[in-house]
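Here is a walk through one protein chain, meant to be read with the model open beside you. We will go from the overall layout to the cores, the rings and the hairpins.

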Amino acid sequence: MKNLLWLVALVPLLSVVIIAQRGTPTFAAHSVKVERIPSIKVDLSTKDARMFRTNLRNAAEDGVNFAGHFVLTSWGCGTNCNDAAIIDARNGKVFFPKELAGFGVGFEMWLGDDEPLDFKPGSNLLILKGYSPNELNKEHPSGGYFYYIWNGTALRQIKFVKKGDPKE
């Protein structure tokens, strides 16, 4: 009888753990084939691309690092601020997703993570750890983990996991 009571008590707890784990996006669940592209010529035909040409060219030299045939790069834009761009290694076209235009950094320090952006060459999943650009100007911004999928031209948020304010 005791064993049955333990089983009845454990089943709901295990179900909650399994459901919570299933809900977190993983790199493996969003895998893509990585292409080997020996030379990447950055398309500098837009004003933004020309403005950041040195950062973009330097990143392109390191090769594909995101979503199969893309190069993701970021740089500082002030205190607690980063900008990022994504280069299509096939044709050099540069994308400046609004989700990465001035996102908040520093948040990852108290989360125990090293980098505000987490991504892999063989996955189109991008994880931003910190504050999205539209949160930074709020009095009480929501920070945490923002999960995005890159579709080749834009990011789409698929999940957000809020983390508490480090000042609280």
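## Layout of the chain

Starting at the N terminus, the elements of the protein chain follow the order α-α-α-β-β-β-β-α-β-β-β-β. That makes four helices and eight strands, where helices (H or I, at least four residues) and strands (E, at least two) are DSSP runs numbered from the N terminus. This is a predicted model, in which local features need pLDDT of at least 70, side-chain atom pairs count only at pLDDT 80 or more, and totals for chains, interfaces and linings use all residues. Residues are numbered from 1 along each chain as its sequence is written, and side-chain values use heavy atoms, with hydrogens and water left out.

Of the 168 residues in the protein chain, 40% count as buried. Buried stands for under 20% relative accessible area, exposed for over 50%, and partly exposed for what lies in between (1.4 Å probe, protein chains only). The accessible surface of the protein chain is about 10300 Å², and carbon and sulfur atoms hold 54% of it; such areas come from the Shrake-Rupley method with a 1.4 Å probe, and for residues only the protein chains shown count as cover. Among contacts (heavy atoms within 4.5 Å) in the protein chain with a separation of 6 or more, 48% are between residues 24 or more positions apart.

In soluble globular proteins, nonpolar side chains tend to be buried together. A nonpolar core here is a set of buried Ala, Val, Leu, Ile, Met, Phe, Trp, Tyr and Cys residues joined through side-chain atoms within 4.5 Å. The largest one has 17 residues, and Phe66, Leu100, Leu117, Leu126 and Trp150 have the most contacts inside it. Strand E1 (70-78), strand E2 (81-88), strand E6 (125-130) and strand E7 (143-150) are the elements that give two or more residues to this core. The most come from E7, with three residues. Apart from this core lies another, of 16 residues, including Ile40, Val71, Trp75 and Ile87.

What does Leu126 touch, not counting residues up to four places away in sequence? Its partners are Phe66, Leu72, Leu100, Leu117, Asp118, Phe119, Phe146, Tyr147, Tyr148 and Leu155.

Leu72 belongs to strand E1 and, with 4% relative accessibility, counts as buried. Neighbours within four places in sequence aside, Leu72 contacts Asn65, Phe66, Ala85, Ile86, Leu117, Phe119 and Leu126. Leu72 and Pro121 are 49 residues apart in sequence, with 9.5 Å between their C-alpha atoms.

## Rings and a charge

The structure holds seven aromatic pairs. Rings of Phe, Tyr and Trp (its six-membered ring) pair if their centres lie within 6.5 Å; planes under 30 degrees apart count as stacked, over 60 as edge-to-face and the rest as tilted. Two of the pairs share Phe52:

| Pair | Centre distance | Plane angle | Type |
|---|---|---|---|
| Phe52 and Trp75 | 4.7 Å | 35° | tilted |
| Phe52 and Phe96 | 6.1 Å | 45° | tilted |

Phe52 lies in the loop between helix H2 (47-51) and helix H3 (53-61) while Trp75 lies in strand E1, so their pair ties together parts 23 residues apart in sequence. The other pair links Phe52 to Phe96, 44 residues away in the loop between strand E3 (94-95) and strand E4 (101-103). Phe52 and Trp75 are both buried, whereas Phe96 is partly exposed, at a relative accessible area of 28%. Phe52, Trp75 and Phe96 form one aromatic cluster.

Elsewhere, the charged end of Lys120 sits over the ring of Phe27, 5.0 Å from its centre. The criterion is NZ of Lys or CZ of Arg within 6 Å of the ring centre and within 35 degrees of the ring normal.

## Hairpins and backbone

Strands count as paired if DSSP finds at least two bridges between them. E1 and E2 run antiparallel and are joined by eight bridges, with Gly76 opposite Asn82 in E2. Two residues separate the strands of this hairpin, and Asn80 in the turn has a positive phi of about 55°.

E7 and strand E8 (residues 155-163) also run antiparallel, joined by eight bridges. Ile149 has Arg156 in E8 as its bridge partner. Four residues lie between the strands of this hairpin, where Gly152 has a positive phi near 110°.

Ala67 has a positive phi of about 50° although it is not a glycine. Ala67 is found in the loop between H3 and E1 and is buried, with a relative accessible area of 8%.
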